Amino acid sequence: MKHSILNSNILQQARQKIQKIQNISFLYLSQMSAKMSLKSLQKDTINAEKVQTKLLKDILQLQKDTEYGNKYNFVKINSVEKFQELHPLTSYEDYYNLIEDIANTGNYSRLLAEPILFFQETSGTTGKAKLIPRTQRLSLTFQKSFQSVNAIITNYYCQTKSISIENNRGLALASTQPLKTTPSGIPRGTGTSGGIRQSKLFQKVVDLNFSSPATVFFIPNYKTAYYCHLLFALLEPNLTYITANFASNVLESLQILEREWTQIVDDISAGKINSELEIDSVIREELESGLKPSPEKSQKLKAEFEKGFEGIINRIWTHLSYIQCVTTGSMELYKEKLKFYAGSIPIYSGGYGASEAWIGCNLEPHRDATAYVVNPNSAFFEFIPSAEIELAQPQTIRLTSLEINESYEVVVTTVAGLYRYRMGDIVKCVGYYNRSPILEFSHRQGSLLNISGEKVSETEILEAITQSIKIWGGDRKLVDYTTNINLSFYPLRYSIYLEVSPTFETLPDLIGFQNKFEEVLYDLNVLYLNSRQADSIAIPEIKLVKTDTFIKLKSKIISQGGSETQFKMPRLLKNLELVSFLDSNCLE
Ligand code: AMP
């Protein structure tokens, strides 16, 4: 009897050892393939033009027998010039009927040579949500880019703190919803939901890399999921990083922590999850089985939270080396707020991508302004010079011919059925990495304020707001903003909706703000100045909204079919129902 217990103990220990070796090997292999992806990306930038020409050829060859390939006679296209001559620039509308038909019938070969893993629903933040076919090949381009970003992180952020590879765990902020299906049974959902719920390796990746159990990622309500992610992350002694798609995701989770820390420390003390949270009973049971009462840890955390939230991250996670999330474009505003919590922890914006295609990786994290090197092997790229963006079929420029300091709209031909597709993203070329351009994200074409040709961008609006807010005193911070073109006045005017913190009891000096706002905008955009002088635009109205209005606006947009993890606050609101929601929440 004694003998058999001894034997089974030895067996168990041996199994654990083998498991440990397997895990370490898996992590080393992941790290190696990350390094290889980065190397191959760097190599591709040296031969960017060749890589691009070959990629286009491969795409046309791959799709030549599809109905779409036959229509455009892909077989006969033997050069980039011929392709540009025979195939027009497109937008989602050009694929709408075809994609609807594929969704209904399942007949993917009308557009694609390879099956569709799932339809990725885009965020729909600046327009109607779209369905973008995701194939294995497209997924691979994303995976390679993520790996390159991971290798950069290892090179830049993981050298200083000595955490062994198997103890390197992070807080990954994501929540997923069950995938729906199209009438023909093809799964559809957000990129994050599809990517996570369809991954065979997800459980292993989570077990080895993240502080939360995999189940947390399947809690569909993102606020509840974030709460649980935080709970498990606070119990992780060696948390080394935080990762999320966007700065807004990280910020929102930290705001949940700031609001709900008393409940969270109670949960940690009791080894339970707040009973008020709506969590499926099976999931709750599974999660609670991984918790145990930790009153000491709870006390320690409580003491830190009581000191306030400035620089809190460093104090509660002493091994944390970096935060990874997109901080550019419409996320710029949140980066500043994130710094309040992050203190000296670096925030790395690693990638620029979309459901349609991956575009670039931030290979030089220490640049003053974040910028992304285009990945020449993730899509075939063309660029429309900013002066020609209004045209339906302008001439395009190839990847290696962009001019430094010029702005362009990005056009992609992807491995999954989009051809010369206008992304609507405006970027500025700020240099070259070998032969591949380095791009700063500027704005979305759909967010330009344009009444009489002035084309004021969200960057300009944010700058004008940031300067003007100072007239209300240094401690007043911008929480969020959006704009709308007010059609009920003549001449037309901008409405600028602002939420500030701390809020005002009575309305402050809006005229002073208005004047400063215009003064800054005149400097930034001479066309705006001209339009104002010609009286073709009236003075903008400044509208202050009540506390939490933008959180409610976000919930409203998400409830109409958007996704939290992909959500970007629209900077130009066109939906009248949402505008009237803001109007009904203005301070009076
Ligand atoms: P979605 O397809 O819903 O994921 O949205 C993709 C869009 O998000 C892109 O077309 C960009 O407008 C925006 N985006 C993605 N990455 C970045 C980034 N690094 N900086 C700024 N905007 C980004």
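Which residues does G191 touch, not counting residues up to four places away in sequence?

Modeller: Leaving out residues up to four places away in sequence, G191 touches F118, Q120 and Q566; contact here means heavy atoms within 4.5 Å. The model is a predicted one, in which local features need pLDDT of at least 70 and side-chain atom pairs count only at pLDDT 80 or more, while totals for chains, interfaces and linings use all residues. Residues are numbered from 1 along each chain as its sequence is written, and side-chain values use heavy atoms, with hydrogens and water left out.

G191 belongs to helix α7, which covers residues 191-197. Helices (H or I, at least four residues) and strands (E, at least two) are DSSP runs, numbered from the N terminus. With a relative accessible area of 12%, G191 is buried; the term means under 20% relative accessible area, whereas exposed means over 50% and partly exposed lies in between, for a 1.4 Å probe and protein chains only. From G191 to I404 there are 213 residues in sequence and, C-alpha to C-alpha, 32 Å in space.

The division of the chain gives these contacts a setting. Domain 1 covers 168-348 and domain 2 covers 458-584, with bounds that come from an automatic or database domain assignment. The centres of the two domains, taken over C-alpha atoms, are separated by 31 Å. To the contact between them, domain 1 gives 22 residues and domain 2 gives 18 residues.

Helix α16, residues 510-524, contains Q514. Q514 is buried as well, since its relative accessible area is 13%. Apart from neighbours within four places in sequence, Q514 is in contact with I539, P540, E541 and I542.

Most residues other than glycine have a negative phi, and most peptide bonds are trans. Y490 and P491, however, are joined by a cis peptide bond with omega of about -5°, and P491 is found in the loop between β17 (477-486) and β18 (493-501). Another cis peptide bond joins S501 and P502, with omega of about -10°; the loop that holds P502 runs between β18 and α16.

N434 counts as partly exposed because its relative accessibility is 45%. For D548, phi is about 70°, and the loop in question lies between β19 (541-544) and α18 (549-559). D548, at 37% relative accessibility, is likewise partly exposed.

Elsewhere, ring pairs link Y68, Y72, F74, Y95, Y419 and Y421 into a cluster.

Charged side chains also meet rings. The charged end of R134 is placed over the ring of F142, 4.4 Å from its centre, and R476 lies over the face of F504, at 3.9 Å from the ring centre. The criterion is that NZ of Lys or CZ of Arg is within 6 Å of the ring centre and within 35 degrees of the ring normal.

Finally, the chain as a whole may be described. Its secondary structure comes to 19 helices and 19 strands. Its radius of gyration is 25 Å, close to the 25 Å that the globule rule gives for 588 residues, so the chain is as compact as a globular protein of that length; the radius is taken over C-alpha atoms, and the rule is 2.2 Å times the number of residues to the power 0.38. Of the 588 residues in the chain, 54% are buried. Among contacts between residues at least 6 apart in sequence, 67% join residues at least 24 apart.

Terms used:
Rings of Phe, Tyr and Trp (its six-membered ring) pair if their centres lie within 6.5 Å; planes under 30 degrees apart count as stacked, over 60 as edge-to-face and the rest as tilted.
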